[in-house]
Amino acid sequence: MALTAPPAHDRLGCTAKDLIRDQEVQGTDLVFLRKTSGKADPMQVRTDDTGQGYIVGLSLMPGHWRDIGQGRQVTRAQFVQDSIYIRDFDRPYKAELSGRFDFLLIEIPSHVIAPQDDEPRFGNPRRLTCEAGTVDPTIGHLMRAVLPVLGGREPAERLFLDQMGEALCTYLRRRYANSFVDLLTTSPPSALISRALEILRANLDGDIGLDQIANLCRVSRSYFYEAFRKELGCTPHEWLMRQRLERAQALLKATRMPLSEIAQQCGFADQSHLTRQFSRRLGISPARWRAQAAN
């Protein structure tokens, strides 16, 4: 009798052949994914404990449910739009999934959730609590920002992915960890932010991660991210985007340089990326802005 090969499963336990969308982009520490099923037939999911950290999923559509086994007990979780689940990879997982699903997901190593400083003002969060079917619009808002990157409509800039991951992890620590003390209790020194801005100006293309900036500033990533937001009122990527657009405006006004060359000099992936960001943030295309500035 001929033996048939078992169906291929991904690392989350899904049957790969049943997925019509399976997208992935890698940040410095975190992995962002989108997985969409092609049919509503039941799917068995089972994973062993791997100690890899956590997976956080966000449901982009209603109509999905899963029966989650915990020993002899089975709990049904219903998912609507903006429902989330948190799985701990230190625990074995088994569930029967039914109904079509479309999930945004983020894989988070354990060391990213834990505090990264030894200073006594930082608390020691316990492990994140597991959730299934909890509606959380905040996570929905944060995770949806990565959709254009997963879909290939925006470049996968490490600084953007790192800051989105840091914002999400900060919220997860505050909302779903059993014990947490605020990461920042004192005002950051201006010298720290001045050094960070020097580094960002030297890396206008965004090809630098939060870890690298924090290491160069000799602080932890979490401390740096919170300090930057507190002092400047924006994230590092938002600040960087403003600098790119200001430089682009200066070149548009003072030169006849083609848009493709301006995009390259200002750290945009290409002319299309420049046009999208310029129009989105300033409400006008670069070409039209240039024409108005010339009058």
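Q: Which residues lie nearest the centre of the second largest pocket?
A: In this predicted model, Ile68, Gln70, Arg91, Tyr93 and Cys130 are the ones nearest its centre, out of 18 lining residues. The space there comes to about 370 Å³.

Q: Which strand gives the most to the lining of the second largest pocket?
A: That's β7, with four residues. β5 (64-70), β6, β7, β8 and β10 (131-135) each put in at least two.

Q: How large is the largest pocket, and which residues lie nearest its centre?
A: Its volume is about 470 Å³. Of its 22 lining residues, Ala145, Phe160, Met164, His237 and Arg281 lie nearest the centre. Helices do the lining here: α2, α3, α4, α7, α8 (236-254) and α10 (271-282) are the elements giving two or more residues. By class, that's ten nonpolar, six polar and six charged.

Q: What makes a space a cavity and not a pocket?
A: A 1.4 Å probe fits in a cavity but can't get out, whereas a pocket is open. The whole-structure search turns up two cavities of 30 Å³ or more.

Q: What lines the largest cavity?
A: The volume is about 90 Å³, and the lining includes Leu12, Lys35, Arg66, Tyr85, Arg87, Tyr93 and Phe101. β7 (83-88), β8 (93-98) and β9 (102-108) each supply at least two residues. Nine of the lining residues are nonpolar, none polar and three charged. Tyr93 turns up here and near the centre of the second largest pocket.

Q: How does the lining of the second largest cavity divide by class?
A: Seven nonpolar, no polar and no charged. The names are Phe32, Ile106, Leu142, Met143, Val146, Met164 and Leu168, around this cavity; Phe, Ile, Leu, Met and Val are on the nonpolar list, so the count follows. The space is about 40 Å³, and α2 (137-144) and α4 (158-176) each give at least two of the lining residues.

Q: Why is Thr36 called buried?
A: Its relative accessibility is 2%. The cut-off is under 20%, so the label holds. Thr36 sits in strand β2 (residues 31-37).

Q: What makes the Thr36 and Asp102 pair a polar contact?
A: Their side chains come to 2.7 Å. The limit is 3.5 Å, so the pair is inside it.

Q: Why is Glu157 called buried?
A: Its relative accessible area is 9%, and anything under 20% counts as buried. Glu157 is in the loop between α3 (147-150) and α4. Its side chain makes polar contacts with the side chains of His237, at 2.9 Å, and Arg244, at 3.1 Å. Asp205, 48 residues away along the chain, has its C-alpha atom 8.3 Å from that of Glu157, and the two residues are in contact.

Q: How do you know what span α7 should have?
A: Take 1.5 Å times one less than the number of residues. For twelve residues that gives 16 Å, and the end C-alpha atoms are 16 Å apart, so the two agree. Arg221 belongs to α7 and is buried at 4%; its side chain has a 3.0 Å polar contact with that of Asp29.

Terms used
Residues numbered from 1 in each chain as written. Predicted model: local features only at pLDDT ≥ 70, side-chain atom pairs only at ≥ 80, totals over all residues. Heavy atoms only, no water. Buried < 20%, exposed > 50% of the residue type's maximum accessible area, 1.4 Å probe, protein only. Polar contact = N/O pair within 3.5 Å; in protein donor to acceptor, adjacent residues only side chain to side chain. 1 Å grid on protein atoms, 1.4 Å probe; cavity = no way out; pocket = protein on both sides within 12 Å on 5 of 7 lines; lining within 4 Å. Points joined across faces, edges and corners; volume = space filled by probe spheres on them. Contact = heavy atoms within 4.5 Å. Lists of a residue's contacts leave out its neighbours within four places in sequence.
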